[in-house]
Amino acid sequence: MSDNPCLSCGACCASFRVDFDRSELESEGGRVPDGLAVELTGRLMRLRGTDHAQPRCAAFSGTVGVRASCGIHEWRPSPCREFGERAPMGIGDDACTRARARHGLAPI
């Protein structure tokens with residue numbers, strides 16, 4: 001098994017809203033599946049499930065803090081690609097720490 005803490009975390013997938021540009025949708029030439037997006041404005045989209053009072057991305061599989069995976073990892077939008085870029089190397093950041101704390105997990 002990998003030492004990547006993200007594979008047993010997933011706190012970010014169940015903590016934040018994920019907004020991205022319409023151009024990232026598959027139907028617009030991007031890679032994010034249209035069915036996983038909700039339109040906010042003419043240009044702004046949000047990943048389905050991340051706008052709930054207790055956010056949980058519709059593409060997230062597993063249990064936060066136990067085993068986590070993203071059903072669209074290869075096609076995820078830019079905010080997900082940019083989030084916690086150093087976490088797989090065991091280096092957390094403020095947003096990662098906040099997400100983990102929300103789920104009772106210690107910082108990386």
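Reply: Buried means under 20% relative accessible area, exposed means over 50%, and partly exposed is in between (1.4 Å probe, protein chains only). By that cut-off Arg 22 is buried, at 16%.

This is a predicted model: local features need pLDDT of at least 70, side-chain atom pairs count only at pLDDT 80 or more, and totals for chains, interfaces and linings use all residues. Residues are numbered from 1 along each chain as its sequence is written, and side-chain values use heavy atoms, with hydrogens and water left out.

Pairing takes at least two DSSP bridges between two strands. Three bridges join β2 to β3 (residues 44-47). Val 38 sits opposite Arg 46.

Now the charges. A salt bridge needs a side-chain nitrogen of Lys or Arg within 4 Å of a carboxyl oxygen of Asp or Glu. The count is three.

Asp 19 pairs with Arg 46 at 2.5 Å. They belong to β1 and β3, 27 residues apart. Asp 19 is partly exposed at 27%; Arg 46 is buried at 13%.

Asp 21 meets Arg 43 at 2.7 Å. Asp 21 is in β1 and Arg 43 in the loop between β2 and β3, 22 residues apart. Both are partly exposed: Asp 21 at 29%, Arg 43 at 47%.

Glu 39 lies in β2 and Arg 22 in the loop between β1 and β2, so the pair ties together parts 17 residues apart in sequence. Glu 39 is partly exposed, at 48%.

Methods: Helix = DSSP H or I, 4+ residues; strand = E, 2+ residues; numbered from the N terminus.
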